[in-house]
Amino acid sequence: EAAGADDATEFNSPNTTAPEEAYKTFLLIGGDRTSGAADVILYLVLPANDADPFMVSLPRDLFVDNLCTGGQSRINVLIHGCAAKDINGPSLLAYEVGQFTGIEVDHFALFDFDGFEDIIDAVGGVEICLEYPVRDAKAELSMPAGCTNATGEQALSWVRSRKTQQKINGSWRSVPGASDLSRNQNQQDVIIKLFQKLKAFDSPTDLTASVSSLADTFVLDDQLGIADAVNLAWNIRGIDLETINRLEIPARLARSRTGQSILIATATFDEVLADAYGGSLPSEDLAAKEASLQGN
């Protein structure tokens with residue numbers, strides 16, 4: 001089962017201070033209590049220079065290197081950690097996100113689905129706008145056309161839906177291209193709406209009161225206390241959300257040797273960044289990351 005807020009003392013932040021602080025980075029991890037795997041892996045990166053920030057979702061079926069086994073696995077199972085090397089789940093996942101993107105993770109926040117609902121409800125819901133009514137029985141999704149101020153429950157159903165149908169001319173039809181990749185887009189939409197809600201707070205004190213009341217709904221790394229999280233959120237509040245580049249990892253469907261459905265990246269993340277930014281981003285050296293993670 002994915003860890004919840006009661007397990008906060010078990011987690012240690014990865015030792016991931018970027019050289020010359022080329023980036024400030026934050027990893028959001030949504031844990032599925034049913035499967036125990038990570039269902040949402042969303043990475044926010046703020047370059048230290050004048051380049052625009054970016055957000056990227058790593059599909060849960062993305063096939064990546066697994067530091068624990070020495071082989072490869074879906075990225076979402078890394079949240080289970082590696083007992084043999086004494087690496088907890090969020091640290092292992094954060095490490096691989098840094099390896100895959102080439103940009104180390106500074107901080108992470110882990111939440112389960114109940115916590116996600118509580119956070120959305122605490123800010124008064126988020127707006128979700130749809131061209132057609134949608135439904136997904138498995139995700140318990142049912143929303144009308146137009147704009148809805150979605151509750152936490154509705155927002156969770158929307159970001160979890162994998163078999164979304166929409167009603168067009170009186171008939172329910174599967175949404176073209178509905179998949180984990182389209183879910184990632186929905187997740188980013190909701191997170192950006194959540195960031196927009198931060199602009200409604202008048203002061204860090206007001207924000208602290210709301211965050212503190214939700215402290216049992218999420219787990220932060222051990223280098224990020226509530227006060228630090230508030231400062232980070234307050235800084236995000238000042239970002240022009242229209243400037244956030246929303247990157248996508250190109251991938252193809254495949255099968256692992258054990259028959260699992262997996263996604264294979266068809267371009268390196270450096271290539272993704274080059275397409276989006278050219279040479280305008282700072283760089284950092286990741287060569288010592290594995291030794292740092294294991295305390296060597």
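Strand 11 (residues 165-168) pairs with strand 12 (residues 171-174) in the antiparallel sense, over 4 bridges. The model is predicted.

**The hairpin of strands 11 and 12**

- Within this pairing, Gln-166 has Arg-173 in strand 12 as its bridge partner.
- The hairpin has 2 residues between its strands.
- Asn-169 takes a positive phi there, near 55°.

- Strand 1 (residues 23-31) pairs with strand 6 in the parallel sense, and the pairing runs over 6 bridges.

**Helix 7: two sides**

- Helix 7 spans residues 269-277, and its buried residues include Phe-269, Val-272, Leu-273 and Tyr-277.
- These four cover an arc of only 105° around the axis, which puts them on the same side of helix 7.
- An α-helix has 3.6 residues a turn, so residues three or four places apart point the same way.
- Asp-270 and Asp-275 sit on the other side of helix 7, and they are exposed.
- Strand 3 (54-57), helix 1 and strand 14 (245-247) are among the elements that cover the buried residues of helix 7.
- Just after helix 7 comes Gly-278, with a positive phi of about 65°.

**The largest pocket**

- Rolling a probe the size of a water molecule over the atoms shows where empty space is left.
- The largest pocket has a volume of about 490 Å³.
- Its lining is made by 21 residues, and those nearest the centre are Asp-32, Lys-138, Ala-139, Arg-160 and Arg-162.
- Strand 2 (38-47), helix 2 (113-122) and helix 3 (152-160) are the elements that give two or more residues to this lining.
- Helix 3 gives the most, with 4 residues.
- By type, the lining of the largest pocket holds 12 charged, 5 nonpolar and 4 polar residues.

**The second largest cavity**

- The structure holds 2 cavities of 30 Å³ or more.
- The second largest cavity has a volume of about 110 Å³.
- It is lined by 13 residues, with Val-40, Phe-111, Phe-116, Val-159 and Gln-187 closest to its centre.
- At least two lining residues come from each of strand 2, helix 2, helix 3 and helix 4 (180-198).
- The lining of the second largest cavity divides into 10 nonpolar, 2 charged and 1 polar.

**His-80, in a loop**

- His-80 lies in the loop between strand 5 (72-74) and helix 1 (89-101).
- His-80 has a relative accessible area of 51%; the cut-off for exposed is over 50%, so His-80 is exposed.
- Beyond its neighbours within four places in sequence, His-80 is in contact with Ser-35, Gly-36, Ala-37 and Gly-89.
- Pro-90 is 10 residues from His-80 along the chain, and their C-alpha atoms are separated by 8.1 Å.

**Ala-254, in a strand**

- Ala-254 belongs to strand 15 (residues 251-255).
- Not counting residues up to four places away in sequence, Ala-254 touches Gln-260, Ser-261, Ile-262 and Ile-264.
- Phe-63 is 191 residues away along the chain, yet its C-alpha atom and that of Ala-254 are separated by 9.5 Å.

Technical notes
Residues numbered from 1 in each chain as written. Predicted model: local features only at pLDDT ≥ 70, side-chain atom pairs only at ≥ 80, totals over all residues. Heavy atoms only, no water. Pairing = 2+ DSSP bridges. Buried < 20%, exposed > 50% of the residue type's maximum accessible area, 1.4 Å probe, protein only. Contact = heavy atoms within 4.5 Å. 1 Å grid on protein atoms, 1.4 Å probe; cavity = no way out; pocket = protein on both sides within 12 Å on 5 of 7 lines; lining within 4 Å. Points joined across faces, edges and corners; volume = space filled by probe spheres on them. Nonpolar A, V, L, I, M, F, W, Y, C, P; charged D, E, K, R; others polar. Arc of directions from axis to C-beta.
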